[in-house]
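Colleague: I am new to this structure and would like to learn how to read a few of its features. Could we look at it together?

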Amino acid sequence: MKIRHFIRETLLLKPRVFWGNLALLTLTGFAESMSVVSLAPILDFYTAESDANTGVSRLLRSQLESFGIQPSIELYFLIFIGFIVMKSGLLFLSQVSILHFKYDVLGVVVKRATNQVFHSQWSFFTNLQQGLLMNAFSREIGAVGDLIGSVLRIFANSFRFMFYIGLAMYISWDLTLIAIGLAAVLLLPAKLIFKKSYRLGGLSTATAGNFQEFLMQCVSNAKFIISHSLQNSAMDKLNEKYKEHRKYTISSQTMDQGHILLNEPLVWAILISIIYISIEVIGYKITETAIVLYTLKTSLPLATGILVSWTGVKRSVPSYETIKKIEGDAGAMPLSVGSVNKTSFVNKISVESLKYCYSGSSEEVLKNISFDIFKGQYLAIVGPSGSGKSTLIDLVMNIQTPPQGSIKIDGMDIRDLDLGSYHKLIGYVSQENFLFNSSVRENMQWAKSDSTDTEIWDALKMANLKDEMQNADGLNTKVGTGGFKISGGQRQRLSLARAILRDPPILVLDEATSSLDSKSEFEIKDSIGKLIGNKTIISISHRLSSSIDADQILFLKEGRIVELGSFAELVESRGEFFDLARLQGLV
Amino acid sequence: MTREEEVIQLISDIVGIAKDEIDIHSSADSIESWDSIKQIEIISALEEGYEIEIPMDQMPRMSSVQTILEILDSSCSEAER
């Protein structure tokens, strides 16, 4: 990525602040160079016979006299101190301003990326390495912050550098040109380092993502690892990934640090050469040599700083590219967002000729699916694993977009609806419980932030959880990380209660009882039984037992509707559903 | 010269060991002088030599002759498309 693209995409997001910062830096550069200029008459006063010995001193003296002010050493000191104070004040201001600017821009970059990610279809998350995403939003965001800081430092140091060089040229152009020629020596090794530094930065980023991805997988599969005594094997693999990351990161940072340290002797060699050439070869006086030397001594570290920042920029650009790639990938799969506000469910949901393929595949996981669900009906979608049940629910929820076919609610295509308003009509309970490490009350309030305790208790009662919570710590009961302080059945009923609390007309139960024991399954089914008739229920499960009470059963196999009808009708038809029901001991 | 021989020649020039000491199974683990900096040099030389751009996420894998050839094959066929 070209740096100018980065600047256009980030720094120019806030053009006024950006140009304001540049103006402040210009003023700072001016004050800095003036502080050096005002040193000349002081040096002349103490080293030469006359205070008007050098061009700079003469210029300052004539300026003062034109204002009717009689120059004196005390006045020169005062002017010098004045410019130093002004320089320090402006430097402080510009650094604070840059800091604010950096974090403002970073905030926009983070917001833009997260906004795109959370407005992408569900398949974006299933296709993505989660470690990569976590790494991007932790480590890489930090690196992008450094990148913004480095670019701003380049601007800041360039301004100061230009003022110093301009001043040195004014005092002695020939000496300055010789100095610039010598300083160019510094650029040669730096140029060779840039590309390697960029590459190593990229490798450091990539290997950090691999390490974090594997670490996350180990943590999420901790039970499997511990129960199979695979800790050593997991640790070895983790260590391998860490060593790989360590190798590139150390090389990358060593290169940057080494570059800085190697520059120091070079800078001194250049300064000594300039002193010799100035006094012995050209024959300049000590004041002119000292001022040129001072400006160069100040500007050379600035030039080195610019190079170091540039190396940092090169190293950090891959981090920004990673964020941009995630943003781009998420942006390529946006949620279909319409503008029609739908506030009620009146008649039916119609699924018409629906087809679906996974991203990058031509194989249809759903083939020409059509059916209706009427208000107040209980539809059970059953079928073996991989039959397309969850994909069908994702499409009904409009978190995936079908390439062909449509889903309509009360005759309106769900892709034309405002997604927020559509999702308010649906309560979703899945096999995985999304519980936060806080109290029952706070977890419930995620569904409805202004819910009262009475409403929460009513929802808990509907979900058959009221008594157990009353016996615990009431609504203050802590559920633990991911709800691990309460049982699996309680977690599932809490999720159901949360869905009930929103009082949506449609309830989607995605394998809601699949991982539960018989008692917990009975309790959930009992809760659902209370809702039948009041809510439109769409339940998916690979267990046929959950479909007995349904008005309609949709039996899916390999992405096709194999059978459709009530439990009694499907049993009577003696088809595949009947065979499976007999196998599960239901008939 | 086959692609494998070209790659081995290039690695030999960069890491500074004789090419008959390198084979398809050689890697950064078996060749001491094949460090991260040399790896970058190998990647850059391959990109210049074959006029391809190797994706950043593939670069960490390019620490053995075998994987270099695999990635090179896929990058070259992608460039041809």
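Colleague: Which residues does A:L379 touch, leaving aside those up to four places away in sequence?

Modeller: This is a predicted model, and in it A:L379 touches A:I373, A:I537, A:I538, A:A550, A:D551, A:Q552 and A:L554, once residues up to four places away in sequence are left out. A:L379 is also among the residues with the most contacts inside the largest nonpolar core, which has 64 residues, and A:I381, A:A459, A:A497 and A:V508 are listed with it. Helix α17 of chain A, residues 488–501, gives the most to this core, with six residues. A second, separate core has 61 residues, including A:F6 and A:F124.

Colleague: Which residues of α4(A) are buried, and which exposed residues lie on the face turned away from them?

Modeller: The buried ones are A:V56, A:S57 and A:L60; seen down the helix axis they fall within an arc of 100 degrees, so they line one face of α4(A). The face turned away from that buried side carries the exposed residues A:S62, A:E65 and A:S66. After the helix comes A:G68, with a positive phi near 75 degrees.

Colleague: And how many residues of chain A are in contact with chain B?

Modeller: In chain A, 14 residues are in contact with nine residues of chain B, and α8(A) gives the most to that side of chain A, with nine residues.

How values were computed: Residues are numbered from 1 along each chain as its sequence is written. Chains are lettered from A and ligands numbered from 1 in the order in which they are written. This is a predicted model: local features need pLDDT of at least 70, side-chain atom pairs count only at pLDDT 80 or more; totals for chains, interfaces and linings use all residues. A nonpolar core is a set of buried Ala, Val, Leu, Ile, Met, Phe, Trp, Tyr and Cys residues joined through C-beta atoms within 7 Å. A residue is buried if 20 or more other C-beta atoms lie within 10 Å of its own, exposed if 12 or fewer, and partly exposed in between; C-beta atoms are placed from the backbone. Helices (H or I, at least four residues) and strands (E, at least two) are DSSP runs, numbered from the N terminus. Two residues are in contact if their C-beta atoms, placed from the backbone, lie within 7 Å. The arc is that of the directions from the helix axis to the C-beta atoms.
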